[in-house]
Amino acid sequence: YNHDGSETTEDTIEFIATDGTNSVSFTLHVKVTPINDELPVMVTGLKPVLRCPEGEEIIITSEYIYATDTDSDNKSLVFLIARQPYHGVVLRNSVVVDRFIQADVTAGIIAYRHTGKHLTTHQAYWIYFISKEKCFIL
């Protein structure tokens, strides 16, 4: 049996057994074990800029970062921070982290805290996120 690579988890094979005179038909049911082969996707319409008052902390909500993966749930979709921000830190429940899961974002426990010096109107910085499977730069 060679699966066609689709996302189906069941299939059937119809057989006929014969001795040349008599025959019987039967169905063999196939249970397909799915593999994690789909890429995560950032949802569309996310807010592109997280605004945080100087010296304060703001929750990173799913309005800013939200990924889906048809092969993974929110507990196994991991974001790795490729580079911490220059002027702040990313926190999970008030602890600096280098990774978190989508479920943490949904639960409202991921935050950015500005810890740097005063920024001029021309300074900006980015937070880079990488999922377990692909890179996302926000």
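## Strand pairing around β10

Two strands are said to pair if DSSP finds at least two bridges between them, and in this predicted model strand β4, residues 57–59, pairs with β10 in the antiparallel sense over three bridges. Within that pairing, I59 has A111 of β10 as its bridge partner.

Strand β7, which spans residues 88–92, also pairs with β10 in the antiparallel sense, here over five bridges, and R92 has I110 of β10 as its bridge partner. Four of the five residues of β10 are buried, so the strand is largely enclosed by the rest of the structure.

## The nonpolar core

The largest nonpolar core has 16 residues, and those with the most contacts inside it are M42, I60, I65, F79, V90, F100 and I110. The elements that give two or more residues to this core are β6 (78–81) and β10 (110–114). In soluble globular proteins, nonpolar side chains tend to be buried together.

## Salt bridges

A search of the whole structure finds five salt bridges, including one between the side chains of R113 and E57, at 2.8 Å from N to O. Because R113 lies in strand β10 and E57 in strand β4, this pair ties together parts that are 56 residues apart in sequence. R113 counts as partly exposed at 29% relative accessibility, and E57 is partly exposed as well, with a relative accessible area of 37%.

The side chains of E10 and K31 also meet in a salt bridge, at 3.0 Å from N to O. Since E10 belongs to strand β1 (residues 10–18) and K31 to strand β2 (residues 23–31), the pair ties together parts 21 residues apart in sequence. K31 is exposed, with a relative accessible area of 65%.

Conventions:
Residues are numbered from 1 along each chain as its sequence is written. This is a predicted model: local features need pLDDT of at least 70, side-chain atom pairs count only at pLDDT 80 or more; totals for chains, interfaces and linings use all residues. Side-chain values use heavy atoms; hydrogens and water are left out. A nonpolar core is a set of buried Ala, Val, Leu, Ile, Met, Phe, Trp, Tyr and Cys residues joined through side-chain atoms within 4.5 Å. Buried means under 20% relative accessible area, exposed over 50%, partly exposed in between (1.4 Å probe, protein chains only). A salt bridge is a side-chain nitrogen of Lys or Arg within 4 Å of a carboxyl oxygen of Asp or Glu.
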